[in-house]
Amino acid sequence: MAGQKIQGVKGTRDVLPLETYVKDADPWVRVGHFQLVEETARELFPLYGYREARTPILERTALFARGIGEVTDIVGKEMYTFEDSDGTQVSMRPENTASLVRAYVQHAVQAAEPDTKWWYCGPMFRRERQQRGRYRQFTQIGIEAFGSPGPRIDAEQIELLHRWLSALGIPFAMHVNTLGDATCRPAFRAALQEYLRAHLAELCEECKRRVETNPIRVLDCKNPGCQKVAAGAPQMEKFLCDPCRAHFGELLQGLARLSVPFVVDPKLVRGLDYYTRTTYEAIATEGLGAQSTVAGGGRYDGLVRELGGPDVPGVGFASGVERLALLVAAAGRERAVRPVVFFAPLGPAEEARADALAQELRAAGIAADVSFRRSNPGNQLKRADALGARFALVLGEQELSTGKAKLKELKTGATHEVSLSQLAAEVRKLASAT
Ligand code: HAM
């Protein structure tokens, strides 16, 4: 008896190679879109001195509670947490900054190098309400730099992000802000709280709570009533202490020197508690709807110490790869894996020859696939087409006896006579000629 079908978990998605068999989203994002986003980062980030760091998906829950903040949405209601059989409370990482700081402290990295630049790519987990661009398992690519108090490195990171998104052809605007530090933010927070208490009735239920727990988050609530209140709220800018004001001023000058376009956005407050001074976000200007922030980050100068390490400053960002992949798909760009030649042999002797020819092409670095099914040439060509092959080569008795065959270009229908004994060289010539 056939078993029952089992569906994937809500908020998770399959990313598969071809769209022909997955039709439940628009535009469907294929693995080639993800690969383009990832490979562009893999090539670009090392040019800025970033090395890849890989940390586990499972961490102790206390790391995120202390690192991200108990009162944030992420820690308060979105983490996948469970008790391991030995009684340890563990969580699936909702982000990676806290994990990298944990690794930095655990391995005393500051003793080995004064400045550290790490990048990462991997799945994160947050139990959020699913919508386009927001999932419960999603992928982040990010960078973290430890040891430099800035603001030159802040500007360098924002320039890196700008270069990466531009290389991907993504329409976006770079927003920057400062949140001050432990010296000046408390006075701002108190003034904001006082103002918000006076406007309590106009706020959404969530923000009514936030006034006491995390008033700064009210500033970026999407609710129209809260936005109206936020428009008249005190601004951090007026409360900045001299060092924070100087840091921000130099950051803006640095960005101008590096020719990075940006907008100063006083409402950019971020959803995690660890930020100090610089915050930044890249926001897509079209194509994403409500979930339009494709990357966000900033400085977290107190976090390493908060997590038991030395007093080492840090700064970084993370991007949402699913969102970037949607935009890359909309722009019609992808890293495609397609056979250059698809062999369609018509009988047993031809199959053996096709297998050997495919082996020869692959050894020459040319992607080749062979049909393992016997069927007529028409069906074979359909299969070559579904795989997105560039050329199809039907091998019958005649081709074997003459040593000549027709390479059919599937897009145009044009055919080219080729000699089987020189196939790799002839395919290379034809592929580069058009
Ligand atoms: P974040 O703003 O929480 O920051 O996430 C960064 C990016 O991850 C977001 O801008 C968004 O593109 C993507 N993202 C977040 N949640 C989801 C979701 N549920 N589904 C799809 N994409 C999502 C951080 O995580 C910080 N660790 C960034 C950072 C690094 N700050 C300093 N260093």
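A: Let's start with the polar contact: a pair of N or O atoms within 3.5 Å; within protein, one must be able to donate a hydrogen and the other to accept it, and residues adjacent in sequence count only if both atoms are side-chain atoms. This is a predicted model, in which local features need pLDDT of at least 70 and side-chain atom pairs 80 or more, while totals for chains, interfaces and linings use all residues. Residues are numbered from 1 along each chain as its sequence is written, and side-chain values use heavy atoms, with hydrogens and water left out.

Q: OK, how far is a nitrogen atom of the ligand from an N or O atom in the side chain of Glu128?
A: The distance is 2.6 Å. On its own the ligand exposes 660 Å², and the protein buries 95% of that.

Q: How many residues surround the ligand, and which are the closest?
A: A residue joins the shell if one of its heavy atoms lies within 4 Å of the molecule. Here there are 27 of them, with Glu95, Thr97, Glu128, Glu144 and Tyr275 the closest.

Q: What does the whole protein chain look like in helices and strands?
A: Its tally is 17 helices and 16 strands. The C-alpha trace spans about 90 × 60 × 45 Å along its principal axes. Of the 434 residues, 48% count as buried, where buried means under 20% relative accessible area, exposed over 50%, and partly exposed in between (1.4 Å probe, protein chains only).

Q: How many aromatic pairs does a search of the whole structure find?
A: Rings of Phe, Tyr and Trp (its six-membered ring) pair if their centres lie within 6.5 Å; planes under 30 degrees apart are stacked, over 60 edge-to-face, and the rest tilted. The search turns up eleven pairs. Take Tyr104 and Trp118: the ring centres are 6.2 Å apart with planes at 75°, so this pair is edge-to-face. Tyr104 sits in helix H4 (residues 97-106) and Trp118 in strand S5 (residues 116-125), so the pair ties together parts 14 residues apart in sequence. Both residues are buried.

Q: Are the rings of Tyr104 and Phe146 stacked or edge-to-face?
A: With centres 4.4 Å apart and planes at 25°, the pair is stacked. It connects H4 to strand S6 (residues 137-146), where Phe146 lies, across 42 residues of chain. Tyr104 has a relative accessible area of 0%, and Phe146 is likewise listed at 0%, so it counts as buried. Ring pairs join Tyr104, Trp118, Phe146, Tyr274, Tyr275 and Tyr300 into a cluster.

Q: Which backbone oxygen does the side chain of Asn177 reach at 3.0 Å?
A: That one belongs to Leu268. The Asn177 side chain also reaches the backbone oxygen of Asp265, at 3.5 Å. Asn177 lies in strand S7 (residues 172-178) and is buried, at 6% relative accessible area.

Q: Is Ala256 buried or exposed?
A: Ala256 is exposed, with a relative accessible area of 52%. Its place is in helix H11 (residues 242-257). Its C-alpha is 27 Å from that of Tyr274, 18 residues apart along the chain.

Q: What should I look for in the backbone angles?
A: Most residues other than glycine have a negative phi, and most peptide bonds are trans. Here the bond from Gly150 to Pro151 is cis, with omega near 5°, and Pro151 is in the loop between S6 and helix H6 (152-167). Ala108 has a positive phi, near 45°; this residue lies in the loop between H4 and helix H5 (109-112) and is partly exposed at 33%.

Q: What about the phi of Arg277?
A: Arg277 has a positive phi of about 55° although it is not a glycine. You'll find Arg277 in the loop between strand S8 (263-264) and strand S9 (278-284). At 15% relative accessibility, Arg277 counts as buried.

Key: Helices (H or I, at least four residues) and strands (E, at least two) are DSSP runs, numbered from the N terminus. Accessible areas come from the Shrake-Rupley method with a 1.4 Å probe; for residues, only the protein chains shown count as cover.
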